[in-house]
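Please look over the sequence and the structure shown here before reading on.

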Amino acid sequence: MAIVQMVTVALIVMAASLGVKRTEAQVHHVVGGDRGWDPSSGVASWSSDRSFRVGDKIWFAYSAAQESIVELKSRDEYESCDVSNPIRMYTDGLDGIPLDVEGMRYFVSGKPENCKNGLKLHMEVMPLRSPETQKPKVVVSEDSVSTLAAAPTTPSGSVQLYGNSVLFLVGLWLCFYYMAV
């Protein structure tokens, strides 16, 4: 299962860095790094030194057959792992969530026992970066090398075609993966 998660993370990084519009998200955060949304990934320590901003995107990679993600409204629900009144539930196994407004966000495992064992994430979404400091990049994990990608001033057709092909292949792979599970 770890290989599938690593391949999924690698495909997310490739898709994010090759063909996605650079203005939609400044930083793509893969929650839990190389291990994804898993009790062994240490999500709390993973997020402790990261900053999340409006325009960023967070990605959850997990086994949809074994797990789900629940977004909660309040810190009290988050602390108590009360998933009875969610804002939204994510069950696809690969969920990209845009951080489009400032404020606190709370995500927990859909399984209360996993949540109580620490599989949860809270973050403060900070204001958008000023235009002179905006540099699109992909962040996989602290131990991995961050990939910085400057947005081209005039996109080339071949780069866009290649990026769209990567996105198509990611989608095709995910379809086959979920049909096999």
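A residue is called buried when its relative accessible area is under 20%, exposed when this area is over 50%, and partly exposed in between. With that cut-off in hand, one can turn to strand β1 of this predicted model, which covers residues 27-30. V27 and H29 point one way from β1, while H28 and V30 point the other way, and all of them are buried. In a regular strand the side chains alternate between the two faces of the sheet. Strand β1 pairs with strand β3 (residues 57-61) in the parallel sense, over 3 bridges, and H28 stands opposite K57 in β3.

**The open sheet**

An open sheet is formed by 5 strands in the order β2-β8-β7-β4-β5, and their pairing is mixed. Because β2 (52-53) and β5 stand at the edges and each has a single partner strand, one side of each is left without a neighbour in the sheet. Strands of a sheet pair through backbone hydrogen bonds, either parallel or antiparallel.

Strand β7, which spans residues 103-109, has 5 of its 7 residues buried, so it is largely enclosed by the rest of the structure. On one hand, 6 bridges join β7 to strand β8 (residues 120-126), the two running antiparallel, with G103 standing opposite V125 in β8. On the other hand, β7 is joined by 4 bridges to strand β4 (residues 69-72), again in an antiparallel arrangement, and here V70 stands opposite V108 in β7. Strand β4 is in turn joined to β5 by 3 bridges, and these two strands run antiparallel; I69 stands opposite Y90 in β5.

**The disulfide**

A disulfide is a covalent bond between the sulfur atoms of two cysteines. The structure holds 1 disulfide, which joins C81 to C115 with an S to S distance of 2.1 Å. Since C81 lies in the loop between α3 (75-80) and β5 (88-90), and C115 lies in helix α4 (residues 112-116), the pair ties together parts that are 34 residues apart in sequence. The torsion about the S-S bond of C81 and C115 is about -80°, and the disulfide is therefore left-handed. With a relative accessible area of 5%, C81 is buried, and C115, at 0% relative accessibility, counts as buried too.

**The salt bridges**

Side chains of opposite charge can pair when their charged atoms come close.

| Pair | N to O distance |
|---|---|
| D49 and R50 | 3.5 Å |
| E71 and R105 | 2.6 Å |
| E79 and R75 | 3.3 Å |

The side chains of E71 and R105 meet in a salt bridge, and because E71 lies in strand β4 and R105 in strand β7, this pair ties together parts that are 34 residues apart in sequence. Both E71 and R105 are buried.

E79 and R75, by contrast, both lie in helix α3, where they are 4 residues apart, about one turn of the helix. E79 is partly exposed, with a relative accessible area of 43%, and R75 is partly exposed as well, with a relative accessible area of 38%. In the remaining pair, D49 counts as partly exposed at 49% relative accessibility, whereas R50 is buried, with a relative accessible area of 14%.

How values were computed:
Residues numbered from 1 in each chain as written. Predicted model: local features only at pLDDT ≥ 70, side-chain atom pairs only at ≥ 80, totals over all residues. Heavy atoms only, no water. Buried < 20%, exposed > 50% of the residue type's maximum accessible area, 1.4 Å probe, protein only. Pairing = 2+ DSSP bridges. Disulfide = S-S within 2.5 Å. Salt bridge = Lys/Arg side-chain N within 4 Å of Asp/Glu carboxyl O.
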